[in-house]
Amino acid sequence: MSSLTGAGEQRGAEVNDEQRDAPLSDAPVSEAPMPGPDHTAMSDHTTIVIPAQHAAARSSGGGFRKPPFLKPPFLKPPGEWPVQLWPVPKPLAKKVALGTAVAVVAIAAFAGLRQIADAPADPSGGQTTQAGQTSTTPDEAAEGVRRAVAGEAVLQKMVDAVRGESRGEFLKTIDPQAKDFENQARTVYTNLGKLPLATFQLRYVSDDASALTPDRQRELGGTEAWLAQVEVSWQLTGFDTKPARETLPVTFVTRDGTTYAASFSERFLAGQRRPIWALGSIEVVDSDHALVVSLDSHANAEDYASVADRAVDSVSKVWGKTWRQKVVVYLPAKQSQMEYVLGAQQGTYTQIAAVTMAELDMPQAGAPVRIVANPKLFDELGKQGRRIVLTHETTHVASTATASPVPLWLAEGFADYVAFTAVSVQDESAAKELFKAVRAGKVPTRLPPPEAFAASSTELPQAYESGWLACRLIAEREGQSKLVKFYRTVHASKSPTGLADAFRAVLGTTEQEFTADWQKYLKRLAGV
Ligand SMILES: [Zn+2]
């Protein structure tokens, strides 16, 4: 990762390999405006970063990242998730009404959960092959079934307790000997009560009888202990049309004939995301258009909600109101928490101010989308900067950029176009790097390709600035509504020639002709 070279400049961030095959809906749309020392410098922040693998995932139609530990007979083939193959859990689909979200002050720092957050990813977990999953012998299969039934029963009790708002019943499912985990469980329970849950489900997906080391087995004691992958899903009332869904490793232990949950944090796999409500005590604030879920007790969540409200209004002015007009903003307290929520390698998002991601384990229309802020950078951005970034991200939410065939120059350029329509910024600041290049005789030869938006790209600022000015040229020449129509046409196209078709049908030109016009436009703006 390049280091900061000056205020107002923008940079990308390193991207970890484990994200490279992230599925379509999983691909975060990231922003990397670098914070300046004050608001003036912030007006330079025009660069928006999408990791390269995002583009790759999108252009290839998305890959499927296998949930961990899913081996026959538990394997869920791509496209069939979440078909239930085995075992058959009790239906947990009954809706849970937990009331509306209210502002709740975080009651305690939560040291216990730091252990969850800091648990190292298991480097070999994805490759482990366990008897409980792969065996085909009747005895081993029967053992797997028995564990699944016992584990599922614990999960059912947890869900019932959440539904019945019974902390006592919830805590009865927790291993009485796992004191640290009991503290974590209390916070998880409290957090779930703060969220406006329409549904909350836990489903036993698979287990791994030998995933726990002998030492850990001895530590846990009991007659049996094992690690299972549990699908957790939750839907936010008024915000989600489908549930968010992730897998969580749950350790079970059986003592005196009773099975308990003993951990939610054992052996996280590289790339495995963690629900924000499992990372510490949350504060939840809702407003007209936003739900802010904050792990940061120092952040003013109300303020973020009002900025998000304005962002939604700004986006609707350009994009129209034919979208849900609701955004969910996650405010981690630390960058590491942001990276856990994203399933990213630690240190990946040092230079990324915010990310838009679909909180789902595989591509799906209507996936719940979250804007995840990087606390330190967001703090440094200043008010206008935060507005720019949140408006940019909200544009991605409105236009479902996490699952779109739109090329990155258009997705990012359009998001910047909307953001800079809402917050006016001088061209000289907003296109600083691009103008510098143009004045040095390096006029871009083409619209920025996907790899130019890689977080590690050396020409990242130019890529964003190029996309922005391409969109602005369309709007200036054809009108803003034509720009929106162009975007929507490309987005809706199922054809590999969708972009070319839209250039012709909507703008009456070709990409080649448009590029030539855009080059002239850049020269004119740069004064050369
Ligand atoms: Zn973006």
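**Overall organisation**

Among contacts in the protein chain between residues at least 6 apart in sequence, 72% join residues at least 24 apart; two residues are in contact if their C-beta atoms, placed from the backbone, lie within 7 Å. This is a predicted model: local features need pLDDT of at least 70, side-chain atom pairs count only at pLDDT 80 or more, and totals for chains, interfaces and linings use all residues. Residues are numbered from 1 along each chain as its sequence is written.

The protein chain has 18 helices and 10 strands. Helices (H or I, at least four residues) and strands (E, at least two) are DSSP runs, numbered from the N terminus. Of the 528 residues of the protein chain, 54% count as buried. A residue is buried if 20 or more other C-beta atoms lie within 10 Å of its own, exposed if 12 or fewer, and partly exposed in between, with C-beta atoms placed from the backbone.

Let me turn to individual helices. Helix α9 covers residues 301–319, and its 19 residues should span 27 Å at 1.5 Å a residue, which agrees with the 26 Å between its end C-alpha atoms. The expected span is 1.5 Å times one less than the number of residues. Which residues of α9 are buried? They are A301, Y304, A305, V307, A308, A311, V312, S314, V315, V318 and W319. The elements that cover them include the strands β6 (283–286), β7 (290–294) and β8 (327–331), together with the helices α11 (375–398), α12 (408–422) and α16 (480–492). Just after α9, G320 takes a positive phi of about 95°.

A glycine also follows α10: G343 has a positive phi, near 70°. Helix α10 itself (residues 335–342) is mostly covered, with six of its eight residues buried, namely Q337, M338, E339, Y340, V341 and L342.

Next, the packing of helices. Two packed helices are described by the angle between their axes and the distance between the axes. Here axes are lines fitted to C-alpha atoms, for helices over the stretch in contact, and angles run from 0 to 180 degrees between N-to-C directions.

How do α11 and α12 cross, and at roughly what angle? Their axes come within 8 Å and cross at roughly 135°, and the two helices are therefore oblique to each other. Angles under 35 degrees count as roughly parallel, over 145 as roughly antiparallel, 65 to 115 as roughly perpendicular and the rest as oblique. On the α11 side, the contact is made by R387, I388, T391, H392, T395 and H396, and α12 contributes F414, A415, D416, V418, A419 and A422.

The axes of α12 and helix α15 (residues 460–478) come within 7 Å and cross at roughly 70°, which makes α12 roughly perpendicular to α15. Among the residues in this contact are W409 and F420 of α12, and Y464 and W468 of α15. By class, the contact of α12 with α15 has 10 nonpolar, three polar and three charged residues. In this scheme Ala, Val, Leu, Ile, Met, Phe, Trp, Tyr, Cys and Pro count as nonpolar, Asp, Glu, Lys and Arg as charged, and the others, Gly among them, as polar.

Helix α14 (residues 432–439) packs on α15 at an angle of about 95°, with their axes 7 Å apart, and α14 is thus roughly perpendicular to α15. E433, L434 and A437 of α14 meet P461, Q462, E465 and S466 of α15.
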